[in-house]
Amino acid sequence: MATTFDTITDRMARFLLAQPVFFVGTAPLAGDGHVNVSPKGMSGTFAVLGERRAAYLDYTGSGTETIAHLRENGRIVLMFCAFDGPPDIVRLHGRGRVVLPSDPEFDDLRAHFPKERTTGQRSVIVVDVERISDSCGFSVPLMDLRGDRDLLDRHHERQGPDYFSGYWRTRNAASIDGLPGVPPEPAG
């Protein structure tokens, strides 16, 4: 049975920040649309912004489902599982929004993340948390972390100056259900 909380407590924030991977779930409004669950990792890409607010740093990837779903309806859940120590699962349900590097608040939000690499960053996903719950992770396996993968970092660092805008335009412009994804860059 899940326990719900009014806020992200200091203890819970420490737990969330200590997890090397978390999962993001979103869905379109259409009943026949594809539900999306994305694993997220890389040290320094998650932040607790307040008692009912969290965010993660989003780097360019193969899809744009989360961005498209948030632009359409804002529904999101972040799930964190303990793979070592006491078995715990924490879910943060809420309303999410996409903050692009061209948005005025991006720099202030970006300062909350220790990850230094900026190449390939696509957005900050901000979640205004409406429901906070934990439950047992009795069936979650115990696993040992060997470290972050650096493949995405190395891939992004090898790209030229026009790579990302072209990638966003051709590969991240729409979700698999055709919803608008990464908006086109403003003309200027």
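Modeller: Helices and strands here are DSSP runs, of at least four residues for helices and at least two for strands, numbered from the N terminus. The model is predicted.

Colleague: Which elements each supply at least two residues of the lining of the largest pocket?

Modeller: The strands are β3 (36-40), β5 (53-59) and β8 (121-136), and the helices are α2 (65-72), α4 (151-157) and α5 (163-171). The volume of this pocket is about 1,200 Å³. Its lining counts 42 residues, with Val21, Pro39, Lys40, Gly41 and Met42 closest to the centre.

Colleague: What makes up that lining of the largest pocket, by class?

Modeller: There are 18 nonpolar, 14 polar and ten charged residues. Gly counts as polar.

Colleague: Which element gives the most to the lining of the second largest pocket?

Modeller: Helix α1, with four residues. That pocket holds about 280 Å³ of space. Of its 14 lining residues, Arg11, Met12, Phe15, Pro86 and Asp88 are closest to the centre. Two or more lining residues come from α1 (10-18), and likewise from β7 (88-99).

Colleague: Why is histidine 156 called buried?

Modeller: Buried means under 20% relative accessible area. Histidine 156 has 2%, so the residue is buried. It is found in helix α4.

Colleague: What makes the pair of histidine 156 and arginine 117 a polar contact?

Modeller: The cut-off is 3.5 Å between N or O atoms, one able to donate a hydrogen and the other to accept it. The side chains of histidine 156 and arginine 117 are joined at 3.1 Å, so the pair counts as a polar contact.

Colleague: Leaving aside neighbours within four places in sequence, which residues is histidine 156 in contact with?

Modeller: Tyr59, Thr60, Arg117, Thr119, Gly120 and Phe164.

Technical notes:
Residues are numbered from 1 along each chain as its sequence is written. This is a predicted model: local features need pLDDT of at least 70, side-chain atom pairs count only at pLDDT 80 or more; totals for chains, interfaces and linings use all residues. Side-chain values use heavy atoms; hydrogens and water are left out. On a 1 Å grid over the protein atoms alone, a cavity is a set of points where a 1.4 Å probe fits but cannot get out, and a pocket is an open set with protein on both sides within 12 Å along at least five of seven lines; lining residues have an atom within 4 Å of a point. Grid points are joined across faces, edges and corners, and a volume is the space filled by probe spheres set on the points. Buried means under 20% relative accessible area, exposed over 50%, partly exposed in between (1.4 Å probe, protein chains only). Contact means heavy atoms within 4.5 Å.
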